[in-house]
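Biologist: I would like to learn how to read a structure like this one, feature by feature. Could we begin with the surface and then go on to helices and charged pairs?

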Amino acid sequence: MSQLELKIPPPLVAATVAAGMVSVALWVGPVLNLPVAFRLAGALALAVLGACLDVAGIWVFRQAKTTVNPMAPERSAKLVVRGVYRITRNPMYLGLVLILLGLALYLAAPWALLGPLAFAAYITRFQIVPEERAMAARFGADYAAYCAAVRRWL
């Protein structure tokens, strides 16, 4: 299974999960009787929050002049521990989870919550854990201290 590590760009994984969620929703249909306005407002709020986390994470990386390429964490020029990275070590992945949660709410089906959970499990195993190994090798004790101070997700 290690051949999947750092191979599929996380936005592509999220898009694939989202497509699966929508496909099943079209087949099964909504299950929860929630007003469309509530579903839409909640979905938009979660998606906007998720997009803001994604942009904030990218912004801080760009300011630090380090790579935003998730496929090559070994190219990181600096350990970024400011901005949104004081709250979570993975704001961009958390942002994608929030966007998927928004989609699940919009779809109004409890099974749709499996999408964000599957994304988080996949990203943790095949993206975050390998990134953490690369960061530990590159930044040593500084990265260990950062991991002790800031959670992986929230």
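Modeller: A residue counts as buried under 20% relative accessible area, as exposed over 50%, and as partly exposed in between. Please keep in mind throughout that this is a predicted model.

Biologist: Is Leu 32 buried, exposed or partly exposed, then?

Modeller: Leu 32 has a relative accessible area of 38%, so it is partly exposed. As for its place in the chain, Leu 32 lies in the loop between α1 (10–28) and α2 (36–64).

Biologist: Which residues make the nonpolar surface patch?

Modeller: Leu 32 contributes to it together with Val 24, Trp 27, Val 28 and Val 31, and the patch has an area of about 510 Å².

Biologist: How should I read the packing of two helices?

Modeller: Two packed helices are described by the angle between their axes and by the distance between those axes. Here, the axes of α2 and helix α3 (residues 91–107) come within 7 Å and cross at roughly 170 degrees. Angles over 145 degrees count as roughly antiparallel, and α2 and α3 are therefore roughly antiparallel to each other. Sorted by class, the contact of α2 with α3 has 20 nonpolar, five polar and two charged residues.

Biologist: How many salt bridges does the structure hold?

Modeller: There are four salt bridges in the structure. In one of them, the side chains of Arg 133 and Glu 5 meet at 2.5 Å, N to O. Because Arg 133 lies in helix α4 (residues 114–149) and Glu 5 in the segment before α1, the pair ties together parts that are 128 residues apart in sequence. Arg 133 is partly exposed, with a relative accessible area of 46%, whereas Glu 5, at 14% relative accessibility, counts as buried.

Biologist: Which residues are linked with Glu 5 in a network of salt bridges?

Modeller: Glu 5 is linked in such a network with Arg 125 and Arg 133.

Biologist: And what does Arg 89 form with Glu 132?

Modeller: Arg 89 and Glu 132 form a salt bridge, with their closest N and O atoms 2.7 Å apart. This pair links distant parts of the chain, since Arg 89 is in the loop between α2 and α3 and Glu 132 in helix α4, 43 residues apart. Both Arg 89 and Glu 132 are buried.

Biologist: Where in the chain is Arg 152, which pairs with Glu 132?

Modeller: Arg 152 is in the segment after α4, 20 residues apart from Glu 132 in helix α4. The closest N and O atoms of their salt bridge are 2.6 Å apart. Arg 152 is partly exposed, with a relative accessible area of 27%, while Glu 132 counts as buried at 14% relative accessibility.

How values were computed: Residues numbered from 1 in each chain as written. Predicted model: local features only at pLDDT ≥ 70, side-chain atom pairs only at ≥ 80, totals over all residues. Heavy atoms only, no water. Patch = residues over 30% accessible without salt bridge, like charges linked within 9 Å, V, L, I, M, F, W, Y side chains within 5 Å. Areas by Shrake-Rupley, 256 points an atom, 1.4 Å probe, with all protein chains shown as cover. Helix = DSSP H or I, 4+ residues; strand = E, 2+ residues; numbered from the N terminus. Buried < 20%, exposed > 50% of the residue type's maximum accessible area, 1.4 Å probe, protein only. Axes fitted to C-alpha atoms, helices over the stretch in contact; angles between N-to-C directions. Parallel < 35°, antiparallel > 145°, perpendicular 65-115°, else oblique. Nonpolar A, V, L, I, M, F, W, Y, C, P; charged D, E, K, R; others polar.
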